[in-house]
Amino acid sequence: MTRLAVVLFNLGGPDGPGDVRPFLHNLFKDPAIIAVPAIARYPLAALISSRRAKSARANYALMGGGSPLLKNTRAQGQALEAALTEAYEDEVEVRAFIAMRYWTPFAEETARAVEAFAPDDIVLTPLYPQYSTTTTASSLTEWSRVYRGRARVRTICCYPDASGLAAAHAQAIEKTWHEAGKPEGLRLLFSAHGLPEKVVDGGDPYQIQIEATAQAVAALLPADWDWRVCYQSRVGPLKWIGPSTDEEIRRAGAEGKGVIIAPIAFVSEHVETLVELDHEYAALAQAAGCAPYLRAPTPGVSPAFIDWLRDAVMDAQGRSEAVGPAGAWRCSLCPKCPASAEAQ
């Protein structure tokens, strides 16, 4: 029996209040997040994490003190492991591993666990559908630094227009709408984590892939739905890509519309969905007269998403290329995608 290790990458989140400041420090000391030399980046990370710790703890307090991201990612890993085991009909021993970028389990710990498993094949699977230097590339770079095994490695770099991803989002949106009584006059907002404009101007494909995901989801919804792409979570003084989610909520309120928000860049619930969308933007919508305010859940362990992810892993394991997108996605950057060099 051959062995297959599937490594799921995600950002991670603090387990409790005492973890918030070190988690933030890990985040801001990443050169993919703050692109300055280490001699300046480390003290800057310490300063930012110190200043933001109190407000961040208040946010995590709304979720019980810590992030549910690890629990949610474990559930996805278990579902994927079971789906792959069934698909391989017990001819392949499959084990899913989790490597978080900014909190435990860190990539180094996970790499040791993978090495102990001694797989024949590894499929690196970012839980970031849209490729960015700030997420996928950062995780893959860290993995290449710490993994010392000799298994055959295949990497999924992105899957913005994946059929299962789009179906999971579309199903969640329609279910949320139906459960709310199918209200009229709604605008669908595909909300994604934002990026500074300079990152996108530097060649990062994230924004065009976000738009591709939105198009793929919208194609599965009624043609007369009013929808827009917007971006949340802006921090710092730099100019970020837009329009911002808060601007679009205010615009909808001014036009007498309610909104249904779909977190298009996320596949798991965490602070940006459970706090920023469910609390902060809900309060903003109420103040702006934007009603109703509805929020669709992330794909999570929906069968559409997990079944597609199973197929994507199997396809990646069988291909000759070391790195590539899953599904039909191709863009002008694919032949020179930075994931290719970073993941090998």
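1. The chain holds 12 helices and 9 strands; both are DSSP runs numbered from the N terminus, helices being H or I of at least four residues and strands E of at least two. The radius of gyration of the chain is 20 Å, close to the 20 Å that the globule rule gives for 344 residues, so the chain is as compact as a globular protein of that length. That radius is taken over C-alpha atoms, and the globule rule is 2.2 Å times the number of residues to the power 0.38. The C-alpha trace spans about 60 × 50 × 40 Å along its principal axes.

2. This is a predicted model, in which local features need pLDDT of at least 70 and side-chain atom pairs count only at pLDDT 80 or more, while totals for chains, interfaces and linings use all residues. Residues are numbered from 1 along each chain as its sequence is written, and side-chain values use heavy atoms, with hydrogens and water left out.

3. Of the 344 residues, 54% count as buried; buried means under 20% relative accessible area, exposed over 50%, and partly exposed in between (1.4 Å probe, protein chains only). The chain exposes about 15100 Å², of which carbon and sulfur atoms supply 52%. These areas come from the Shrake-Rupley method with a 1.4 Å probe, and for residues only the protein chains shown count as cover. Among contacts (heavy atoms within 4.5 Å) with a separation of 6 or more, 82% are between residues 24 or more positions apart.

4. Which residues of helix α4 are buried? In this helix, residues 107–117, they are Ala107, Thr110, Ala111, Val114 and Phe117. Seen down the axis of α4, they fall within an arc of 115 degrees, so they line one face of the helix; the arc is that of the directions from the helix axis to the C-beta atoms. Arg112 and Ala116, on the other side of α4, are exposed. The cover over the buried residues includes β1 (2–10), β2 (92–100), β3 (121–126) and α5 (136–146). Just after α4, Ala118 has a positive phi of about 55 degrees.

5. There are 17 salt bridges in the structure, each a side-chain nitrogen of Lys or Arg within 4 Å of a carboxyl oxygen of Asp or Glu. One of them joins the side chains of Asp121 and Arg152 (3.4 Å, N to O). Asp121 lies in strand β3 and Arg152 in strand β4 (residues 152–156), so the pair ties together parts that are 31 residues apart in sequence. Asp121 is buried at 13% relative accessible area, whereas Arg152, at 32%, is partly exposed.

6. Arg228 and Glu248 also meet in a salt bridge through their side chains (3.2 Å, N to O). Arg228 is in strand β6 (residues 226–232) and Glu248 in helix α9 (residues 245–254), so this pair ties together parts 20 residues apart in sequence. At 27% relative accessibility Arg228 is partly exposed, while Glu248, at 2%, is buried.

7. A further salt bridge links the side chains of Arg295 and Asp278 (2.8 Å, N to O). Strand β8 (residues 293–295) contains Arg295 and helix α10 (residues 271–287) contains Asp278, so the pair ties together parts 17 residues apart in sequence. Arg295 is buried at 16% relative accessible area, and Asp278 is partly exposed at 31%. Elsewhere, salt bridges that share partners join Arg187, Asp226, Glu255 and Lys257 into one network.
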